[in-house]
Amino acid sequence: MDCKLDKIFYGNFLAVRDSHVPIEKNKITGFIGPSGCGKSTVLRSLNRMNDLVKGFRFEGHVHFLGQDVYGKGVDPVVVRRYIGMVFQQPNPFSMSIFDNVAFGLRLNRYKGDIGDRVKHALQGAALWDEVKDKLKVSGLSLSGGQQQRLCIARAIATEPEVLLLDEPCSALDPIATRRVEELMVELKKDYTIALVTHNMQQAIRVADTTAFFSVDISQGTRTGYLVEMGPTTQIFDNPREQMTSDYITGKFS
Amino acid sequence: MTNLTSPIAALPSLQRKFEGRALRSLVLTTLVWAGALIASVPLISVLYMLITRGGARLSLEVFTELPPTGFETGGGFGNALAGTFVMVGIAAAIAVPVGIMAAVFLAELGPDSKLANASRFAAKMLTGLPSILAGVFAYALVVMTTGTYSAPAGGVALAVLMLPIVVLTAEESMKMVPKIMKDAAYGMGCTRSQVIWKIVLPTGMPAILTGVMLAVARAAGETAPLLFTALFSNYWIFHDGSLAVMNPTASLAVLIYNFSGMPFDNQLELAWAASLVLVMIVLVVNIVSRIFGKPKY
């Protein structure tokens with residue numbers, strides 16, 4: 001998956017410019033940067049979630065499965081079935097745990113054994129042992145960390161090509177965070193993952209490649225852009241740009 | 001100096017004193033209690049009268065027999081009960097689907113469109129509509145065109161009253177569905193209509209049903225809209241082997257209205273009993289809405 005974007009607008013507001021973010025298969029690509037730098041915007045552009053926002057306009061290309069996600073005639077609904085997403089706030093549907101995970105399968109009219117796939121997805125999300133005896137219980141009755149893993153299970157049940165994780169741990173406590181991080185590392189065997197995180201330590205712990213975004217306020221508005229991108233160790237140990245170094249050493253945030 | 005040498009004398013008292021703040025608080029508390037008691041006096045006395053006077057006449061016959069005329073003894077209001085069910089049923093069959101679809105438009109499709117603002121305004125105005133005007137509307141629309149008082153005419157009048165309640169409560173219920181839940185559905189690759197059918201409507205359904213039940217309860221008790229749409233009848237809506245739909249139709253509310261003004265004890269007693277039955281219907285509908293109104297998950 002390769003994202004080359006020139007400009008992202010919300011109405012007349014230029015939100016992000018000039019960023020080339022290649023996302024490698026079976027790796028975790030971390031997006032870091034200060035608040036308002038557009039890292040979430042870029043992530044949500046990859047599966048055209050931003051199409052739901054009024055005034056959103058994308059200039060550039062996102063190459064995926066040999067096609068341009070923003071190409072002519074591409075249906076965003078179909079794109080989202082191949083690029084799953086996990087959000088900042090755990091957002092299970094108000095259905096049973098089973099129905100939550102089965103939702104995407106039923107949506108795609110999956111013909112095989114749904115129960116089997118649900119079990120597999122819950123195991124993949126390291127939640128099976130905790131919920132196997134209460135699959136009929138509401139997804140909303142779980143703890144925050146469990147809910148987030150349920151959302152991950154829901155996203156991987158349909159076996160998408162790519163998983164987009166938008167600050168998946170920001171609403172979780174440290175123990176739940178650790179579990180979700182372990183899960184991400186586990187999941188990259190089968191999936192390609194893009195992860196937005198506020199937490200630099202998290203990027204160091206899980207990301208193979210890290211993209212650092214920052215905000216340009218020189219034009220009077222806040223426009224995000226990619227400062228540099230590279231292997232996580234290089235970004236944190238030996239950044240090429242002064243700004244990256246300032247950010248990771250905590251000189252600004 | 002005394003402060004330092006004898007600290008006990010200098011410490012402020014922590015005892016409750018009935019002056020100033022404490023006194024004001026006591027007075028206000030008393031007033032609030034009194035207000036609550038006074039507010040419940042009419043309700044409790046109405047219920048007391050209904051149960052003692054209506055309950056006295058309540059028996060199986062009142063549900064199965066036709067209303068008595070003049071000096072007849074006995075009788076009941078079986079046809080009025082059936083008529084109320086039929087007309088509320090017609091009203092619900094019109095108002096619930098239309099109302100929920102309108103609410104989907106207001107909450108999901110075009111919440112800020114001109115049409116939405118206009119319909120929302122219209123619905124809010126309609127909730128305050130004097131119910132007799134709903135009757136006038138149905139009279140012009142149905143009675144004039146069909147040339148007869150009928151159950152459908154009554155049903156349309158009641159539907160006009162139910163519609164705004166259904167629309168506004170259903171819209172609120174759908175707006176309560178968290179945006180992040182809808183985002184999740186879009187993120188799974190749902191189309192907009194799938195988000196509405198699979199997420200918004202099921203998640204909002206308990207609250208929508210509560211609104212529907214409230215509307216049903218309101219419609220069941222209305223008299224004015226039925227006075228010159230369904231009128232009244234001394235016969236069953238189902239008689240001679242067919243459904244007499246396009247005939248004047250009895251209802252509990254109009255029966256109470258008619259009988260309560262009569263100089264015969266028998267009819268007065270029946271009016272009391274019918275009132276009790278009507279209140280019980282409203283009560284049952286409310287209880288059912290509480291049961292359905294509990295979210296399943």
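What percentage of the 297 residues of chain B count as buried? Of these residues, 37% are buried, a residue being buried if 20 or more other C-beta atoms lie within 10 Å of its own, exposed if 12 or fewer, and partly exposed in between, with C-beta atoms placed from the backbone. This is a predicted model, in which local features need pLDDT of at least 70 and side-chain atom pairs count only at pLDDT 80 or more, while totals for chains, interfaces and linings use all residues. Residues are numbered from 1 along each chain as its sequence is written, and chains are lettered from A and ligands numbered from 1 in the order in which they are written.

**Confidence in chain A**

- Within chain A, confidence is lowest in strand β1 (residues 2-10), with a mean of 77, and highest in strand β8 (residues 192-196), at 92; helices (H or I, at least four residues) and strands (E, at least two) are DSSP runs, numbered from the N terminus.

**Overall form of the two chains**

- Chain A has 10 helices and 10 strands, whereas chain B has 13 helices and 2 strands.
- The radius of gyration of chain B is 27 Å, well over the 19 Å that the globule rule gives for 297 residues, so chain B is more spread out than a compact globule; the radius is taken over C-alpha atoms, and the rule is 2.2 Å times the number of residues to the power 0.38.
- Chain A, with 253 residues, has a radius of gyration of 18 Å, which agrees with the value near 18 Å for a compact globule.
- Taken along the principal axes, the C-alpha atoms of chain A fill a box of roughly 55 × 45 × 30 Å, and those of chain B fill one of roughly 105 × 65 × 35 Å.
- Of the 253 residues of chain A, 48% count as buried.
- Two residues are in contact if their C-beta atoms, placed from the backbone, lie within 7 Å; among contacts in chain A with a separation of 6 or more, 69% are between residues 24 or more positions apart, and among contacts in chain B between residues at least 6 apart in sequence, 74% join residues at least 24 apart.

**The sheet of chain A and strand β8**

- Chain A holds an open sheet of 10 strands with mixed pairing, in the order β5-β4-β1-β2-β10-β9-β3-β8-β7-β6, where two strands pair if DSSP finds at least two bridges between them.
- The edge strands of this sheet are β5 (67-68) and β6 (83-86) of chain A, each of which pairs on one side only.
- Strand β8(A) pairs in the parallel sense with strand β3 (residues 28-32) of chain A over 4 bridges, and 5 bridges join β8(A) to strand β7 (residues 162-166) of chain A, again parallel.
- I193(A) in β8(A) is the bridge partner of I28(A) and also of L163(A), while A194(A) is the bridge partner of L164(A).
- All of T192(A), A194(A) and V196(A) on one side of β8(A), and I193(A) and L195(A) on the other, are buried, which leaves both faces of the strand covered.
- Together with β7(A) and helix α7 (residues 174-187) of chain A, β8(A) makes a right-handed β-α-β unit, meaning that, with the strands pointing away from the viewer, the path from the first strand over the helix to the second runs clockwise.

**Contact between the chains, and helix α3**

- The contact takes 19 residues from chain A and 15 residues from chain B.
- On the side of chain A that touches chain B, α2 (76-82) and α3 (97-107) each supply at least two residues, and α2(A) gives the most, with 4 residues.
- The buried residues of α3(A), including I97(A), F103(A) and L105(A), pack against α4 (114-124), α5 (128-131) and α6 (144-156) of chain A.

**Positive phi values in chain A**

- Most residues other than glycine have a negative phi.
- D18(A), in strand β2 (residues 13-22) of chain A, has a positive phi near 35 degrees, and D18(A) is partly exposed, with 14 other C-beta atoms within 10 Å.
- E159(A), in the loop between α6 and β7 of chain A, has a positive phi of about 50 degrees and counts as partly exposed, with 16 C-beta neighbours inside 10 Å.
- R109(A), which follows α3(A), has a positive phi near 50 degrees.

Notes:
pLDDT = per-residue confidence, 0-100.
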